[in-house]
Amino acid sequence: MNQKERMLNALPYKAWLDGLEEEREACKQLIYKFNLLPPKERMQIPKLLRKLLGKTGEIVWIEPPFHCDYGWNIEVGNNFFANYNLMILDVGKVTIGENAQIAPNVSIYTAGHPIHPDSRNSGYEYGIPVTIGDNVWIGGNAVILPGVTIGNNVVIGAGSIVAKDIPDNMIVAGNPCRIIREITEEDRIYYFKKRKFDTESWSDMEENRT
């Protein structure tokens, strides 16, 4: 296997060989154009993202600035939204489901280096895939580490460091990230802590749901 094939198979690889450096340079060119879009040309964002990312749904939006290594190794589902300063190190595959909501300054890392200095100084690194399910909300300044799988309907608190898998329907937070509680049907009537939806917003939400 060449170094790109090794990278894609989650094996130790050298990032400057077999065209990988050139692919990162091509990505940087697209990222540069994306991040410097004039405000009046913001409607080009979905078009540029479809060119940059490996796969997107019909509705996709990332507020610049955004940074990634390759772009083509990222797949996002329909109705994807990420706020300012999303960073994805997509050495390993990053797959994100539908209806993702990502707050500012979120980082998703698939890349890593060996622990022992002799091994690390060899130049070998690795990328382990990250998978995020449907309907996930990731709070600001959260960090998702290599190899993590996040289930459907998960809410991740701001500032969390996610180092382990998270099952469906959980509220999680902390460093290291831990389960706070399960999301229940009762949560539907609240929009913030114990503040309930007012009649107008509740009716509108229920109408759109059906």
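What is the volume of the largest pocket? The volume of the largest pocket is about 1000 Å³. The structure is a predicted model.

**The largest pocket**
- The lining of the largest pocket is made up of 26 residues.
- Those closest to the centre of the pocket are Trp 137, Val 155, Asp 187, Tyr 190 and Tyr 191.
- At least two lining residues come from each of strand E19 (190–192) and helix H5 (199–209).
- E19 gives the most to this lining, with three residues.

- Strands of a sheet pair through backbone hydrogen bonds, and the pairing can be parallel or antiparallel.
- Here, four strands make an open sheet with parallel pairing, in the order E3-E6-E11-E14.
- Strand E3 (74–76) and strand E14 (149–150) are the edge strands, and each of them pairs on one side only.
- Three bridges join E3 to strand E6 (residues 94–96), in the parallel sense.
- Across this pair, Ile 74 stands opposite Val 94 in E6.

**Glu 125**
- Glu 125 sits in the loop between helix H4 (117–120) and strand E10 (126–127).
- Glu 125 is buried but has no salt bridge.
- Arg 24 is the nearest side chain of opposite charge, at 6.6 Å; a salt bridge needs a side-chain nitrogen of Lys or Arg within 4 Å of a carboxyl oxygen of Asp or Glu.
- Leaving aside residues up to four places away in sequence, Glu 125 touches Leu 11, Pro 12, Tyr 13, Ala 15, Gly 112 and His 113.

How values were computed:
Residues are numbered from 1 along each chain as its sequence is written. This is a predicted model: local features need pLDDT of at least 70, side-chain atom pairs count only at pLDDT 80 or more; totals for chains, interfaces and linings use all residues. Side-chain values use heavy atoms; hydrogens and water are left out. Buried means under 20% relative accessible area, exposed over 50%, partly exposed in between (1.4 Å probe, protein chains only). Lys and Arg count as positive and Asp and Glu as negative; His and the chain ends are not counted. Contact means heavy atoms within 4.5 Å. Two strands pair if DSSP finds at least two bridges between them. On a 1 Å grid over the protein atoms alone, a cavity is a set of points where a 1.4 Å probe fits but cannot get out, and a pocket is an open set with protein on both sides within 12 Å along at least five of seven lines; lining residues have an atom within 4 Å of a point. Grid points are joined across faces, edges and corners, and a volume is the space filled by probe spheres set on the points.
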